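Please look over the sequence and the model below, then read the notes by topic.

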Amino acid sequence: MYKYHYIDRIRSTKKSSPLLFGIAIDEALNELVVSRDYKKSIDIYEEMMLEWKYDYNVDFLRRDEDPIAVPEEVLEFINAEYEQNELHHQVCWHSLWYKGHEFINAYIEQILPRMGKVIEVQKMINLKNENGDSIIGYQDVIAELDGVITIIDNKTSSSSYAKSKIVGSQQLHLYSFAEKIDSIAYIVMRKDYSAKGIMRPIQVLKHEANPEVTNGVLNLFDETLGKIQSQEFPKTEIKRTCRNHFGKPCMYFEICEMGKSVQQIENLEKLETKKEIK
Ligand code: SF4
């Protein structure tokens with residue numbers, strides 16, 4: 001993916017709904033945990049969501065379309081007002097819009113009472129190795145969770161997180177190493193409703209960072225940076241990633257696994273390199 005993205009400069013022409021929705025929720029929750037001001041948090045969320053309400057270049061996940069989340073009268077209005085592609089976009093967007101409001105309310109009820117002092121939000125980490133290469137990342141929240149200072153990552157997801165996700169989390173082990181904080185947690189807000197058609201409780205997965213996993217992650221980064229420098233780009237051995245990358249097949253799947261060219265694939269484009277730009 002690195003090669004296709006940074007060297008071949010092949011990009012999607014579409015925007016991704018999980019990314020847009022995730023950013024809106026992240027920004028709203030960052031405000032919420034710091035100021036505890038519901039109104040400010042909702043204002044941020046709504047402003048960010050409204051930016052793409054009529055942007056019909058957004059690619060939605062299949063499960064984003066969930067009319068059960070949308071009030072009946074709104075659904076009737078959308079059905080009467082829009083056609084075809086626009087209708088699909090509007091139903092998906094409204095499904096997420098209402099779920100986002102539910103997430104923020106649920107976070108206030110279920111998470112804030114467990115959260116004490118907030119140390120940082122959106123803190124940048126910059127880890128340098130001996131060769132001067134850097135890994136840069138942003139931590140959602142560092143705060144007291146159930147009385148323990150914890151590195152917290154807020155997630156929205158279409159399904160529950162297995163315990164193994166946090167036990168082997170490269171991202172959280174890296175942040176834990178950078179901050180010298182052992183306690184790590186995922187707070188997962190599920191977009192899929194229960195069989196009763198209601199939002200599921202927010203999932204809190206807590207764990208103590210394991211030095212073995214941390215060492216493995218650091219070694220993997222060094223190895224990967226070395227390969228980038230020597231222009232080695234082996235395919236991933238985890239084939240599931242090829243078929244399920246944030247809920248969709250890897251966007252390069254047809255090039256990488258089926259040998260197609262960029263021109264043969266809808267929604268992909270090759271950016272000009274700097275030398276080609278006149
Ligand atoms: S299809 Fe698989 S191996 Fe190929 S770029 Fe995507 S994730 Fe990597």
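The model is predicted. Its chain is divided into two parts, domain 1 (11–225) and domain 2 (231–276).

**Domains**

- Between the C-alpha centres of domain 1 and domain 2 there are 25 Å.
- Where the two domains meet, domain 1 supplies seven residues and domain 2 supplies eight residues.
- On the domain 1 side of this contact, two residues are nonpolar, three are polar and two are charged.

**The five-stranded sheet**

- Five strands make up an open sheet with mixed pairing, and their order is β4-β5-β6-β7-β8.
- The edges of the sheet are β4 (115–128) and β8 (203–208). Each of them has a single partner strand, so one side of each has no neighbour in the sheet.
- From one strand to the next, the twist averages 30 degrees.

**Strand pairs within the sheet**

- Ten bridges join β4 and β5, which pair in the antiparallel sense.
- In this pair, Met115 stands opposite Leu145 in β5.
- β4 and β5 form a hairpin, with five residues lying between the two strands. In the turn, Gly132 has a positive phi of about 85 degrees.
- Strand β5 (residues 134–145) also pairs with strand β6 (residues 148–157), in the antiparallel sense and over five bridges.
- Leu145 has Val148 in β6 standing opposite.

**Helix α8**

- Helix α8 covers residues 211–229, which is 19 residues.
- At 1.5 Å a residue the helix should span 27 Å, and this agrees with its end C-alpha atoms, which are 27 Å apart.

**Around the ligand**

- Which residues surround the ligand? They are Met1, Tyr4, Lys235, Thr236, Thr241, Cys242, Cys250, Tyr252, Phe253, Cys256 and Glu257.
- Two elements, α9 (239–243) and α10 (253–256), each give two or more residues to this shell.
- By class, the shell has seven nonpolar residues, two polar residues and two charged residues.

Terms used
Residues numbered from 1 in each chain as written. Predicted model: local features only at pLDDT ≥ 70, side-chain atom pairs only at ≥ 80, totals over all residues. Near = placed C-beta within 6 Å. Helix = DSSP H or I, 4+ residues; strand = E, 2+ residues; numbered from the N terminus. Nonpolar A, V, L, I, M, F, W, Y, C, P; charged D, E, K, R; others polar. Expected span 1.5 Å × (residues − 1). Domains from an automatic or database assignment. Pairing = 2+ DSSP bridges. Axes fitted to C-alpha atoms, helices over the stretch in contact; angles between N-to-C directions.
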